[in-house]
Amino acid sequence: MVGTAGHIDHGKTALVEALTGINCDRWEEERVRGITIDLGFAHLTEGDVQLGFVDVPGHERFVHNALAGLGGIDLMVLVVAADEGVMPQTREHLAICALLGIPAGIVALTKIDLVDHDLRDVAALELTDALARTTFAGAPIVPVSSTTGEGVATLRETLVSMARAVERPAERALRPARLPIDRAFHLRGLGVLVTGTLTCGRIAVQDRLELLPARRETRVRSVQVHGQDRERAEAGERTALQLTGVELDAVERGTQLTAPGAYSTSTSLLARLELLPEAPQTLRGWRDVRFHLFSSEVLGRLRPLQPPALEPGGRALVEIRLAAPVTAARGDRFVVRRLSPQTTLGGGVVLDPEWQRLRGARLAPALAAFGGTEAEAILHWVRAAGEAGVTAAELARKLGSLEGPVAGVLERAKEAGAILAARGSAAGPERWISAAVYERVARRAPEILDQYFRRDRLATGMPKAEAIRRLLPAPAAPLAEVYLGWLAEQKILVVGADLVDLPGRGAVMNAEESDLSERVMAAFEQGGLAPPSPSEINQALGAKQQTFDAVLRYLYQRKRLARLPQGLFIAQSQLDRLADELGRSRWTRFSVPEFKERFGLTRKWAIPLLEHLDQIGRTRRVGDQREVVRK
């Protein structure tokens, strides 16, 4: 993919037409006024090399349109007219191409038919000087005239030669499909069509894609590359897609078509920003900007984080807040411009596409991690996910990557002891948890139980549900059994079916509590199958409420008391005698009134007792009667 750049009226469109035979000006207004307003497209095939051209407008008012077409470009052609030399938009376009990380460039010194050789040489020297301060220093300069054809063949040969030498990262083809849309239109009989440069992956006919940031699904009906029907398009190719399942008003420049679930959208980014040397002032605090990422343009604000002030020509890590969501991944290149006058301030690379604002001591480690390697960023995301952990798929979305490479990083970190793997259910995805986060849980667990037992010294254990609620945040609840298993394995906790305890701990009553427990049990035993309520018993005994409640829980947890449906307490021995008596009786079936009469019960006690007997399998409900189940 080749992108033009340069000042207005320096002959970009004419040069592309001379090279390809295609006039890129699509609008009538462009042809009448003789200037390019929006993006134009052309292509050229020379042997085994296919070149796609994106012709951008040169006028300063249309730089935003130029930016929409320069994302994903492999080769820049800087067009400079020999009769005017380097102009303001020459320098701005050159800076933009450098900020976007376009890997290679060539200069076409146009309109040489209008100047003599001396002026041509002067223009070439000026260009060499302008390029020397950029990443395109030493780029070849080819004199050319689109009018006479002089130099056109040489430029074409140089472009083809450079195209063969451009090393497109192989991993681009292996990433999930991603097509930033720069044109969307409707054709009668065909429906919605979109175009763009396929930056990653491949798109084939019948593929299901996701339209971002709206997260709407669509299907590919047909694929074209440079006007030719294809079964699929590959990364780096200029692509047109016919879509179904989506209306035109849902598709616009700046949206992206991606593999479903493969990319994240956000209004908050962390990035490394390079401020141009010609930026008007030091950047300190929040600054309103126009944010350009691929074909999208969004208003937003940014501020430097490290260092807190950014001088012209310097670099800093910055926080970016946007007025609307963008589809971004770590490593994406962007440009920021002033609101007014609309000039380029700088640009850089996205480090975290879902930046969560941090303060104090947590900020510096995060900035260090995101400013480092991809593996360091992945490990920070795992830490930031906390007790709930994060899946490889969630991490891959932040990187615009497939799960495989991310899983490799995670496995190596696991082997090094930096992270742990957990699965909430057999069918659930594997979640990755920072070892530091687990260690924090392991420190907190005995503290939580110790606090609980200080309040309830006689408890045989802490209810597991309560322990989980206090130990883990709600998003981590599905992993509760995993955490408890780890804690039990390390002998930090003793984990039972319903209770959690501390190793070696035992509840022992003092003399006062032991005496109270015997009196409480005596009251329940004397009450038979319809004992007094706990409050009535304590009113008669006159014990401290806190002590009484602790003793009541102690007796219940040791199964000396039972709790019937509807919350009624009864001595377990009375329930055992009731079950035995029913088993010895001659009854095979009985009604509720018969049960009440035989055992001298009111409905308040009869129904809960029968429900209890049903639950333990000593009776079985048959219509309005109960059937005795004998062991």
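A: H15 and H17 are roughly perpendicular to each other. That class covers angles of 65 to 115 degrees; under 35 is roughly parallel, over 145 roughly antiparallel, and the rest oblique. The model is predicted, so local features need pLDDT of at least 70 and side-chain atom pairs pLDDT 80 or more, while totals for chains, interfaces and linings use all residues. Residues are numbered from 1 along each chain as its sequence is written, and side-chain values use heavy atoms, without hydrogens or water.

Helix H15 spans residues 511–526 and helix H17 spans 545–557; their axes come within 10 Å and cross at roughly 65 degrees. Axes are lines fitted to C-alpha atoms, for helices over the stretch in contact, with angles from 0 to 180 degrees between N-to-C directions. Helices (H or I, at least four residues) and strands (E, at least two) are DSSP runs, numbered from the N terminus. The H15–H17 crossing is right-handed, meaning that the near helix is turned clockwise from the far one by less than a right angle.

From H15, the contact uses Glu513, Leu516, Ser517, Val520, Met521 and Phe524. H17 answers with Thr547, Phe548, Val551, Leu552 and Leu555. By class, that is eight nonpolar, two polar and one charged residues. Nonpolar here means Ala, Val, Leu, Ile, Met, Phe, Trp, Tyr, Cys and Pro; charged means Asp, Glu, Lys and Arg; the others, Gly among them, are polar. Contact means heavy atoms within 4.5 Å.

Another helix pair is H1 (residues 12–20) with H6 (residues 152–165). Their axes are 10 Å apart, at an angle of about 80 degrees. H1 and H6 are therefore roughly perpendicular as well. Leu15, Ala18 and Leu19 of H1 meet Val152, Leu155, Arg156 and Leu159 of H6. This contact has six nonpolar residues, no polar ones and one charged.

Next, the cores. The largest nonpolar core holds 33 residues, and Met76, Leu78 and Phe136 have the most contacts inside it. A core is a set of buried Ala, Val, Leu, Ile, Met, Phe, Trp, Tyr and Cys residues joined through side-chain atoms within 4.5 Å. Buried means under 20% relative accessible area, exposed over 50%, partly exposed in between (1.4 Å probe, protein chains only). Helix H4 gives the most to this core, with five residues. A second, separate core has 30 residues, including Ala422, Ile433, Leu471 and Leu484.

Leucine 410 sits in helix H11 (residues 403–415). Leucine 410 counts as buried, at 0% relative accessibility. Beyond four places in sequence, leucine 410 touches Ile378, Val382, Ala392, Leu395, Ile419 and Trp432.

Now the backbone. Proline 213 lies in the loop between strand E11 (208–212) and strand E12 (216–225). Arginine 215 is in the loop between E11 and E12 too. Its phi is positive, near 55 degrees, in a residue other than glycine. Arginine 215 is partly exposed, at 39% relative accessible area. A cis peptide bond also joins serine 340 and proline 341, with omega about -10 degrees.
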